[in-house]
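Me: I am new to this structure. Can you walk me through the labels and what stands behind each one?

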Amino acid sequence: MRPPYFVFVLVCVAAFIALLFLEQMSAVLFIFIVEAILVLGGVELLHRQMPQQLREARSDNCLRIDGSFSQRRLERERRALAQVRMDLLAAFLLIVLSGNWLAFFLHYEVVPLHVAASAASAFDVDTQTWKQNLRDTRVDKSFEEWIVRKASADHEAVKSQQEFLWHAWPLITFVTVGWALGSAIFLSRAYFKIIRAYAAGVAYRAESNINLDIARLQDATSS
């Protein structure tokens, strides 16, 4: 018998807490662990939001028409439920992979994420005040050093890329927010599509079980 799904979630959480105490853990491994926990937790959360009526119908499918329990039907319902989790997992992984590609592009081609976070924390609605905040917190220096290390750019190229980023940051913000909203819409639609497909399967199996039980009763009566 396979352990319940939440056991895997608890194992991942325990592994994450243990890794927090390792001083030599790489950033990539840390991100991977966090994403794995979020994905598994999200799958489990959405799975537990399944309508109660559907849960009851699933349980009824494990019983014969005379009320006796059927192990074979239970296993069939478990396989169908496992498929729901796999479909949800696939939806989450698509979101995570697209987000990783976006973060990868921004981090290595536009601006390092830690620099972007520092710039966001120093944000001010007044442009000149924001620029002064960036200078005071040495965010501009960090970005300049990153450009030099990345491409051995000269001073003019550094200034040119800084100016480009200064004018392009609303577009970058728009793309990031758009990805987040698009991911939420995609996940919502995928969830309801998966649940509808699962509900249709439950109804189909319920009808098949009833027809099979009636046929068996008729055979037993006629014999």
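This is a predicted model: local features need pLDDT of at least 70, side-chain atom pairs count only at pLDDT 80 or more; totals for chains, interfaces and linings use all residues.

Me: Why is R72 called partly exposed?

Reply: Its relative accessibility is 46%. Buried means under 20%, and exposed means over 50%. The value for R72 falls in between, so R72 counts as partly exposed. R72 lies in helix α4, residues 71-110.

Me: What are the elements of the protein chain?

Reply: From the N terminus on, they run α-α-α-α-α-α-α-α. That is eight helices and zero strands. Of the 223 residues, 28% are buried.

Me: Which residues of helix α3 are buried?

Reply: L54, R55 and R58 are the buried residues of α3, which spans residues 52-60.

Me: How do you know that they are on the same side of α3?

Reply: They cover an arc of only 105° around the axis, so they sit on the same side of α3. Q52 and Q53, on the other side of α3, are exposed.

Me: What makes R48 and E44 a salt bridge?

Reply: The closest N and O atoms are 2.9 Å apart. The cut-off is 4 Å, so the pair qualifies as a salt bridge. R48 and E44 are four residues apart in helix α2, residues 27-48, and so are separated by about one helical turn.

Me: Why is E44 called buried?

Reply: E44 has 8% relative accessibility. Buried means under 20%, so E44 counts as buried.

Me: How do you know that R78 and E75 form a salt bridge?

Reply: Their closest N and O atoms are 3.4 Å apart. That is within 4 Å, so the pair counts as a salt bridge. R78 and E75 are three residues apart in helix α4, about one helical turn.

Me: Are these two buried or partly exposed, R78 and E75?

Reply: R78 has 36% relative accessibility and counts as partly exposed. E75, at 31%, also counts as partly exposed.

Me: What makes E77 and R205 a pair that ties parts of the chain together?

Reply: Their side chains meet in a salt bridge, 2.7 Å from N to O. E77 lies in helix α4 and R205 in helix α8, residues 155-222, so the pair ties together parts 128 residues apart in sequence. E77 and R205 are both buried.

Me: Which residues do salt bridges with shared partners join into one network?

Reply: E44, R48 and R85. The count of salt bridges comes to five.

Definitions and conventions. Residues are numbered from 1 along each chain as its sequence is written. Side-chain values use heavy atoms; hydrogens and water are left out. Helices (H or I, at least four residues) and strands (E, at least two) are DSSP runs, numbered from the N terminus. Buried means under 20% relative accessible area, exposed over 50%, partly exposed in between (1.4 Å probe, protein chains only). The arc is that of the directions from the helix axis to the C-beta atoms.
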